[in-house]
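Here is a short note to read alongside the model. Keep the structure open and find each residue as it comes up.

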Amino acid sequence: TALGFLMEYEHMSFPDAVAALAQDVGLPLPESGEPERPKPPPALWDALEQAAQFYKQQLKQSPRAIEYLKGRGLTGTIAARYGIGYAPDGSPLKQVFKDYQADALAACGLVIDGERGRYDRFRDRIMFPIRNVKGQIIGFGGRVLGAGEPKYLNSPETPLFHKGSEIYGLFEARAAIKDAGRAVVVEGYMEVVALAQHGVEFAVATLGTATTPIHARTLLRHTDRLIYAFDGDNAGRKAAWRALENTLEALQDGKEVGFLFLPEGEDPDSYIRQHGRDAFLKLLDNAMPLSAFLVRELSRDRKLDSQEGRAALLKDARPLLEKLAAPLLASLIRRQLAELAHLQADDLGQL
């Protein structure tokens, strides 16, 4: 059916598929009891598309931006595939839009209204268009050339763009994720594009925020195997733990989630450039399963030879296991924790 096609091919949930079909044919949806989200005006979509075309043209005219991308090992082909552009310094969008004071430009996050007037949000940055699952541009990520803060600047929250639910590169990676049978989540736009340049086209990134349950649920609709790639330092481990906590409620039995910790000082971009695609794929193959990471972190720095240490382990494990939406996996982890605490699994269940 048409619904089945959208759910299988576009990886939509059933309600999203119904809403998409209804919108395409102009039928109203039955009342759900929830207030309907207002539909964004077409001017917002048009403004973002127009800006994206302008940024792409500007990239061709900026030797400095081109040299930066070449220095990161990117070709023109991969830059075109992801629609990468360049936002010049100043406020060049004044020349792009006849009405630079239009409400739509502020509403979609292209400009900022300051005390001294309106100016472009993105200036002297490599521009990465962010697309929704339909391929429509909903916002931008801008990376500074060289030194400068912030290194990455995202569009603000707008009627089109909600960074807690959108995933960079998912539209471009859908076919590769299906072919590879897995998806890998990295930390930045440049890592996604660099991995694609080296033949790992199933990489995506969250948008400058920790992985949320919505991110995890969306990705696990696209694949049965999800791998988070993090730096091997303490900050990377903390980010991985946040990703684990927010993935538990999206996990189902039969789905696999793993964690890859790169050697200290490496990120996916630098690692694949130095060691090659096959070495990176081997790392992915050996990613630590979610269950092993969970037990390892719960056990870290605990004195499991004491009753107090074992009690603290079980106390911290309980809320995590209650969140875990995969009952078979939860049962197996519970059994492993029972062994660590020198308990029978049945005794742990009673506790």
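1. **Terms and ground rules.** Helices (H or I, at least four residues) and strands (E, at least two) are DSSP runs, numbered from the N terminus. This is a predicted model: local features need pLDDT of at least 70, side-chain atom pairs count only at pLDDT 80 or more, and totals for chains, interfaces and linings use all residues. Residues are numbered from 1 along each chain as its sequence is written, and side-chain values use heavy atoms, with hydrogens and water left out.

2. **A positive phi at Asp 124.** Start in the loop between strand 3 (117-120) and strand 4, where Asp 124 lies. Asp 124 is not a glycine, yet its phi is positive, about 55°. Most residues other than glycine have a negative phi. Is Asp 124 buried or exposed? Asp 124 counts as buried because its relative accessibility is 17%. The cut-offs are these: buried means under 20% relative accessible area, exposed over 50%, and partly exposed in between (1.4 Å probe, protein chains only).

3. **Another positive phi, at His 342.** His 342 sits in the loop between helix 16 (327-340) and helix 17 (345-350). Its phi is near 60°, again positive in a residue other than glycine. His 342 has 60% relative accessibility, so it counts as exposed.

4. **Phe 128 and its surroundings.** Phe 128 belongs to strand 4 (residues 125-131). Its relative accessibility is 0%, so Phe 128 is buried. Which residues does Phe 128 contact, leaving aside neighbours within four places in sequence? They are Ile 84, Gly 139, Phe 140, Gly 141, Arg 143, Tyr 168, Tyr 189, Met 190 and Val 193. Contact here means heavy atoms within 4.5 Å. Take Tyr 189: it is 61 residues from Phe 128 in sequence, but 7.3 Å away in space, C-alpha to C-alpha.

5. **Helix 8 and the glycine after it.** Helix 8 covers residues 170-180, and its buried residues include Leu 170, Glu 172, Ala 173, Arg 174, Ala 176 and Ile 177. An α-helix has 3.6 residues a turn, so residues three or four places apart point the same way. Gly 181 follows helix 8 and has a positive phi, near 75°.

6. **Salt bridges.** Side chains of opposite charge can pair when their charged atoms come close. A salt bridge is a side-chain nitrogen of Lys or Arg within 4 Å of a carboxyl oxygen of Asp or Glu. By this rule there are 16 salt bridges. One of them joins the side chains of Asp 269 and Arg 72, at 2.6 Å from N to O. This pair links distant parts of the chain, 197 residues apart. Asp 269 is in helix 12 (residues 268-275), while Arg 72 is in the loop between helix 4 (63-71) and helix 5 (76-81). Both Asp 269 and Arg 72 are buried.

7. Arg 237 is in helix 11 (residues 234-247) and Glu 297 in helix 14 (residues 290-299), 60 residues apart. Arg 237 is partly exposed, because its relative accessibility is 24%. Glu 297 is buried, because its value is 15%. Salt bridges link Arg 237, Arg 296, Glu 297 and Arg 300 in a network.

8. **A pair of sequence neighbours.** Arg 277 and Asp 278 form a salt bridge through their side chains, at 4.0 Å from N to O. Arg 277 is partly exposed, with a relative accessible area of 37%. Asp 278 counts as exposed, at 61% relative accessibility.

9. **Lys 323.** Find Lys 323 in helix 15 (residues 307-323). Lys 323 is partly exposed, with a relative accessible area of 32%. Leaving out residues up to four places away in sequence, Lys 323 touches Glu 245, Leu 248 and Glu 249. Thr 247 is 76 residues from Lys 323 in sequence and 9.2 Å away in space, C-alpha to C-alpha.

10. **The whole chain.** Now step back. How many helices and strands does the chain have? It has 17 helices and 12 strands. Buried residues make up 47% of the 351 residues. Of the contacts with a separation of 6 or more, 67% are between residues 24 or more positions apart. The C-alpha atoms fill a box of roughly 75 × 55 × 45 Å along the principal axes.
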